[in-house]
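Here is a short report on one protein chain. Look at the sequence and the model, then read on.

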Amino acid sequence: MIVENTFGILSAQWRMYRRVIGTSPGNVEKCVKATCVLHNFMCWTAESPAAERQAPDPGDLQPIRRVGTNNATREAIHVRETLASYFSAEGAVPWQDNVA
């Protein structure tokens, strides 16, 4: 029952859980862990009584407004493009071009 409730929460928040995940089991495990971490981060930084706990410092993350639709805002698109250009040049790792 706990696993089903957890899956319901994750699938409501992350679109990838609403269909078959077409990747290897190792990558699926990493995706599940990543979404759990992101979910917990969002709970820590939410503006609610639960957020009164000592939240971790988000570092250099840029603030993005939460929107109620699945359409990306101009701000989100700008952040995505900034990150893509960073990880394609200065922040690139040697093995990233070998991954399909």
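UniProt places the feature "domain: DDE Tnp4", from an unreviewed entry, at residues 1-40. UniProt positions follow the numbering used here, feature names are shortened, and annotations may be inferred rather than shown by experiment. The end C-alpha atoms of residues 1-40 lie 20 Å apart. The span is 70% helix and 0% strand.

This is a predicted model: local features need pLDDT of at least 70, side-chain atom pairs count only at pLDDT 80 or more, and totals for chains, interfaces and linings use all residues. Residues are numbered from 1 along each chain as its sequence is written, and side-chain values use heavy atoms, with hydrogens and water left out.

**Confidence and layout**

pLDDT is the predictor's confidence in each residue, from 0 to 100. The mean pLDDT of the protein is 75. Of its residues, 71% reach 70 or more. Among the elements, α2 has the highest mean pLDDT (85) and α1 the lowest (81).

The protein has three helices and zero strands. Helices (H or I, at least four residues) and strands (E, at least two) are DSSP runs, numbered from the N terminus. From that end on, the elements run α-α-α.

How many of the residues count as buried? Of the 100 residues of the protein, 9% do. Buried means under 20% relative accessible area, exposed over 50%, and partly exposed in between (1.4 Å probe, protein chains only).

**The aromatic pair**

The structure holds one aromatic pair. Phe7 and Tyr17 form this pair, which is edge-to-face: 5.9 Å centre to centre, with 75° between the planes. Rings of Phe, Tyr and Trp (its six-membered ring) pair if their centres lie within 6.5 Å; planes under 30 degrees apart count as stacked, over 60 as edge-to-face and the rest as tilted. The pair links distant parts of the chain, 10 residues apart. Phe7 sits in helix α1 (residues 2-13), and Tyr17 in the loop between α1 and α2 (25-45).

Is Tyr17 buried or exposed? Tyr17 counts as buried because its relative accessibility is 9%. Phe7 is partly exposed, at 43%.

Arg18 also lies in the loop between α1 and α2. Arg18 is exposed, with a relative accessible area of 52%. Arg18 and Gly8 are 10 residues apart in sequence and 9.7 Å apart in space, C-alpha to C-alpha.

**The salt bridges**

Side chains of opposite charge can pair when their charged atoms come close. The structure holds two salt bridges. A salt bridge is a side-chain nitrogen of Lys or Arg within 4 Å of a carboxyl oxygen of Asp or Glu.

| Salt bridge | N to O distance |
|---|---|
| Glu29 and Lys33 | 3.2 Å |
| Glu81 and Arg80 | 3.8 Å |

Glu29 and Lys33 both lie in helix α2. They are four residues apart, about one turn of the helix. Glu29 is partly exposed at 45% relative accessibility, and Lys33 is exposed at 52%.

**A nonpolar patch**

Leu83, Tyr86 and Phe87 make a nonpolar surface patch of about 290 Å². Patches are made of residues with over 30% relative accessible area and no salt bridge: like charges are joined within 9 Å, nonpolar side chains (Val, Leu, Ile, Met, Phe, Trp, Tyr) within 5 Å. Accessible areas come from the Shrake-Rupley method with a 1.4 Å probe; for residues, only the protein chains shown count as cover. Leu83 lies in helix α3 (residues 74-88). At 45% relative accessibility, Leu83 is partly exposed.
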